Amino acid sequence: MTRRYVKQLTNGESVDEIFLVAEKQLRSNRQGQLYLQLDLRDRSGTISARLWNASEEQARSFETGDYVKAKGKVQLFQGSVQLILWQLEPTPSEPLDLGEFLPQGTRSVAEMTARLRQLLMGVSDPHLRALAECFLIDEQFLGRFTSAPAGVRVHHAYQGGLLEHVLTMMEVADRIANLYPALNRDLLILGIFLHDLGKVLELDYERAFGYTDQGQLIGHLVLGVGLLDEKVRQTVDLTGEAFPDELVMRLKHMIVSHHGPPEFGSPKPPMTPEAIALHYLDNFDAKVFAYCRQIRDDPAAGSTWTSFDPSVGHRVYKGSPSREEESNGEDSF
């Protein structure tokens with residue numbers, strides 16, 4: 001049978017499919033009865049699901065990141081669809097195509113990686129180019145970097161999301177650098193590449209998206225500085241020259257300050273032209289992506305406004321649908 005993906009499910013529809021468990025909580029209602037609250041995922045998206053009258057034994061039978069066979073019915077609740085389950089069975093992963101269960105981007109990872117190489121190898125500063133080369137020739141690092149999401153739930157939360165986020169920022173910087181002659185273009189390009197570097201260690205994305213222990217305890221800013229230090233040492237072997245202290249200090253500052261104000265997690269605010277440019281490019285790409293994602297994924301078909309999204313903080317205006325949009329059938333995944 002043809003699979004019904006999350007984004008194709010409609011109110012009242014019966015479901016009998018395998019999903020990846022993105023989140024699991026055993027809760028109790030006001031009467032003290034236990035139920036399972038789940039986020040179930042396939043490559044098209046995530047749906048909230050509930051199994052009433054659950055037991056602790058059922059909750060222990062699978063974990064986040066496992067696969068389950070879910071039977072139930074789709075129900076509309078507060079403008080969004082959810083899945084009310086009557087049966088849930090753990091399922092082995094061996095015969096499954098795991099690509100069916102992790103969210104995918106729309107752009108080719110191979111093409112984005114090739115463009116990333118082109119931009120990094122196009123910098124004129126020999127030390128920065130050597131640093132970029134040390135990252136690019138590290139196949140293990142590059143494999144993780146090009147498959148990682150940029151976030152767990154919202155921020156480019158799909159395979160290859162980190163690569164797409166970084167590449168988009170680099171493309172914007174490449175286009176505007178000539179408008180700001182005081183900006184060091186090479187430094188900005190490398191800073192963009194490095195700013196979320198630590199996410200390859202902070203995030204767990206082999207199955208369900210989540211955080212590693214070092215991601216929880218240390219965070220991607222500090223982890224990114226550590227990865228940078230490691231590659232700076234390797235440039236000495238590659239070039240036979242010491243990497244300039246001033247240059248590595250500026251790169252580290254860009255990593256630790258790119259969140260901007262301290263309340264958003266940066267230990268230092270941006271204090272160089274390249275650091276402030278990086279901060280706003282990062283924020284710009286993340287915010288525009290969030291608005292576009294909210295419009296694209298909004299379940300309220302035909303409405304001119306999206307439903308409220310906590311990540312945005314308000315509803316987003318979609319406008320009146322065009323005739324072409326109205327006539328389109330179901331999406332394919």
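Strand β1 (residues 14-28) and strand β4 (residues 67-77) run antiparallel and are joined by seven bridges. Strands here are DSSP runs of E with at least two residues, helices are runs of H or I with at least four, and both are numbered from the N terminus. Two strands count as paired if DSSP finds at least two bridges between them. This is a predicted model, in which local features need pLDDT of at least 70 and side-chain atom pairs count only at pLDDT 80 or more, while totals for chains, interfaces and linings use all residues. Residues are numbered from 1 along each chain as its sequence is written, and side-chain values use heavy atoms, with hydrogens and water left out.

Together, five strands close into a barrel in the order β1-β2-β3-β5-β4, with mixed pairing. From one strand to the next, the twist averages 50°. Axes are lines fitted to C-alpha atoms, for helices over the stretch in contact, and angles run from 0 to 180 degrees between N-to-C directions.

Turning to the helices, the axes of α2 (residues 109-121) and α6 (residues 185-195) come within 10 Å and cross at roughly 145°. Leu116, Leu119 and Leu120 of α2 make the contact (heavy atoms within 4.5 Å) with Arg185, Ile189, Leu190 and Phe193 of α6. Six of these contact residues are nonpolar, none is polar and one is charged. Ala, Val, Leu, Ile, Met, Phe, Trp, Tyr, Cys and Pro count as nonpolar, Asp, Glu, Lys and Arg as charged, and the others, Gly among them, as polar.
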